Amino acid sequence: VQLVESGGGLVQPGGSLRLSCAASGFTFSTYYMSWVRQTPGKGLEWVSDIIKSGLSTWYADSVKGRFTISRDNAKNTLFLQMNNLKPEDTALYYCARVVTDGVNYYDDYWGQGTQVTVSS
């Protein structure tokens, strides 16, 4: 399993970025996928999930209405469109594969992360 994030960078408050996550080594279309982020102060924070088909999504309250998760199963790629970015969105963003034991859902593989810095 390999997950490779890209698209991070430095952006001013109010700006936008689009993160990508290229997946390989597994059948991408058969897994839920997730974005999570990590900051030194707040630790690991869940951002968003998307089902296999892409037709249903979930968001943390902190990003709802500003971020959009999507996927292209033909290209084995996960996306996160981030609009109206705020300084508190500054973090290392990871994509993750989601698995289930039949009761709980959890992430079992992560990429190396891509840094997003929101600052004027």
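At 14% relative accessibility, Phe26 counts as buried. Buried means under 20% relative accessible area, exposed means over 50%, and partly exposed lies in between, with a 1.4 Å probe and protein chains only. The model is a predicted one: local features need pLDDT of at least 70, side-chain atom pairs count only at pLDDT 80 or more, and totals for chains, interfaces and linings use all residues. Residues are numbered from 1 along each chain as its sequence is written, and side-chain values use heavy atoms, with hydrogens and water left out.

Phe26 belongs to a cluster that ring pairs build with Phe28 and Tyr31. Rings of Phe, Tyr and Trp (its six-membered ring) pair if their centres lie within 6.5 Å; planes under 30 degrees apart count as stacked, over 60 as edge-to-face and the rest as tilted. The count by this rule is four aromatic pairs. In one of them, the ring centres of Phe26 and Tyr31 are 5.4 Å apart and the planes stand at 85°, so this pair is edge-to-face. Tyr31 is partly exposed, at 23% relative accessibility.

## Arginines over rings

A charge sits over a ring if NZ of Lys or CZ of Arg is within 6 Å of the ring centre and within 35 degrees of the ring normal. Arg97 places its charged end over the ring of Phe26, 5.0 Å from the centre. Arg71 lies over the face of Phe28, and its distance from that ring centre is 4.3 Å.

## Overall fold

The protein chain has eleven strands and zero helices. Its elements, read from the N terminus, run β-β-β-β-β-β-β-β-β-β-β. The radius of gyration is 14 Å, close to the 14 Å that the globule rule gives for 120 residues, so the chain is as compact as a globular protein of that length. Helices (H or I, at least four residues) and strands (E, at least two) are DSSP runs, numbered from the N terminus. The radius is taken over C-alpha atoms, and the globule rule is 2.2 Å times the number of residues to the power 0.38.

Along its principal axes, the C-alpha trace spans about 40 × 30 × 25 Å. Of the 120 residues, 42% count as buried. The accessible surface comes to about 6,200 Å², and carbon and sulfur atoms hold 50% of it. Such areas come from the Shrake-Rupley method with a 1.4 Å probe; for residues, only the protein chains shown count as cover. Contact means heavy atoms within 4.5 Å. Among contacts between residues at least 6 apart in sequence, 52% join residues at least 24 apart.

In soluble globular proteins, nonpolar side chains tend to be buried together. Here the largest nonpolar core has 26 residues, and those with the most contacts inside it are Trp35, Phe67, Leu78, Leu80, Met82 and Tyr93. β3 (17–24), β4 (32–39), β5 (43–50), β7 (67–72), β8 (77–82), β9 (91–100) and β11 (114–118) each supply at least two of the core residues. β3 gives the largest share, four residues. A nonpolar core is a set of buried Ala, Val, Leu, Ile, Met, Phe, Trp, Tyr and Cys residues joined through side-chain atoms within 4.5 Å.

Trp35 is in strand β4. Trp35 counts as buried, at 0% relative accessibility.

## Loops with positive phi

Most residues other than glycine have a negative phi, and most peptide bonds are trans. Asn76 has a positive phi of about 50° and is not a glycine. Asn76 lies in the loop between β7 and β8. With a relative accessible area of 30%, Asn76 is partly exposed.

Asn84 also has a positive phi, near 50°. Its loop runs between β8 and β9. At 43% relative accessibility, Asn84 counts as partly exposed. Lys86 is in the loop between β8 and β9. Lys86 is partly exposed, with a relative accessible area of 32%. Lys86 touches Arg66 and Val118, not counting residues up to four places away in sequence.

Ser120 sits in the segment after β11. At 83% relative accessibility, Ser120 counts as exposed. Ser120 and Pro87 are 33 residues apart in sequence, and their C-alpha atoms are 8.8 Å apart in space.
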